[in-house]
Amino acid sequence: MNISFTIREENAKLLERVRDLIRNEAMPLEEEYQREVATGDRWTYTERQTEILEGLKAKAKAEGLWNFWLTDSDKGFGLSTVEYAYFAEEMGKTPLGAEIFNCSAPDTGNMEVLERYGTEKMKEEWLKPLLAGEIRSAYLMTEPDVASSDATNVSMSCVRDGDHYVLNGEKWWSSGAGDPRCKVYITMVKTGGDDMPKHQRHSMIVVPAETPGVEILRAMQVYGQDDAPHGHMHIRFTNVRVPAENLLVGEGKGFEIAQGRLGPGRIHHCMRAIGQAEIALEQMCKRALDREAFGKKLAQLGANYDIIAECRMEIEMARLLCLKAAWYMDQGDARAAAPWISQIKVVAPRTALKVIDEAVQMFGGAGVSQDTPLATAWTHVRTLRLADGPDAVHRRQVARSELKKYTQEKV
């Protein structure tokens, strides 16, 4: 088996342009952009935020650096998943990175759904402006009253009534639903009864965000932070009527679509987490060389040499595992790729979290404060151990894959 992590020459040149825009134009503006959240209404974009974000997007689009995530589409660059991993890592180095190039979650997954399963009307109304970066979207799956790590528990009622479906229930951790530019939700609902097979009870339906009966109850906080103006919202649906034509594919196809939606996006978060780890290590090293205590540079105190070395080695291991998972995905065998995807979903956020935490320690009090981006980065990466599926679920899948090698029985 000839495994390769190479990137084609023309795409390596694209990557260098992305790296330059992030390092020299986006990163110098991220602190100013974040400060703007505290001015005025937290759930709107200030004039300066809009200027920064739209200015960077316009520059990226003008240079043709746009929609890299479309790895299997004539609308993209034809990147392999392995190649995209290098791009996503660079984007992960700044909170502004993914959106600058129109590669943000959950939009990428939602656009995959609309492109693969949407009607021509949906594509015109929702996919077209999403691809252009003119609107945002949200993906509504998890619910407050059931263990959503087992998606067969999803219980939002969706009942056919003539030419409409009527939705009732609650969703939470709906990332991006707080964004004033969020115009559409792709929503996992229950259309089948409990007498049906578990994986045929659910469907996905496209819900315009301004549909009557949709009520945003609150912004969920992550360690006390609301992530405004993006937000992770708790939403209630009360007799929400949606045209029947908005149901994707057909009743009972929710899990089939969910698997299609995951596509390469299944490890985009992992790729970006490695970029966050790289930035944290960079900040840690600079601090270790710039700061003195007890008459020595911090690098020379305690076990800091070992800490820095361990961080470097663990980042390299995580990157290689991410690339291997990406390579398996590129082979087109979802079953063969699955255990590798599960592995990296555990390893990438865990590694990034460790590196960021060590950087926080090196910065002392500043590390947990608003004076560095480390506390926010730590909070974000910690949520990945839940948001993209709990670690325990992924480890279960890895273990089952291993055990199958030694038994013919179900495990």
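Modeller: Start with exposure: buried means under 20% relative accessible area, exposed over 50%, and partly exposed in between (1.4 Å probe, protein chains only). The model is predicted, so local features need pLDDT of at least 70, side-chain atom pairs count only at pLDDT 80 or more, and totals for chains, interfaces and linings use all residues. Residues are numbered from 1 along each chain as its sequence is written, and side-chain values use heavy atoms, with hydrogens and water left out.

Colleague: Why is Arg-312 called partly exposed?

Modeller: Its relative accessible area is 31%.

Colleague: What makes Glu-278 and Arg-312 a salt bridge?

Modeller: The term needs a side-chain nitrogen of Lys or Arg within 4 Å of a carboxyl oxygen of Asp or Glu. Here the closest N and O atoms are 2.9 Å apart, so the pair qualifies. The pair links distant parts of the chain: Glu-278 sits in helix α8 (residues 268-290) and Arg-312 in helix α9 (residues 304-330), 34 residues apart. Helices are DSSP runs (H or I, at least four residues), numbered from the N terminus.

Colleague: Is Glu-278 buried or exposed?

Modeller: Buried: its value is 14%, and the cut-off is under 20%.

Colleague: How do you know that Arg-48 and Glu-51 form a salt bridge?

Modeller: Their N to O distance is 3.0 Å, and the limit is 4 Å, so the term applies. They are three residues apart in helix α2 (residues 47-62), about one helical turn.

Colleague: How many salt bridges are found in the whole structure?

Modeller: The search finds 42.

Methods
Helices (H or I, at least four residues) and strands (E, at least two) are DSSP runs, numbered from the N terminus.
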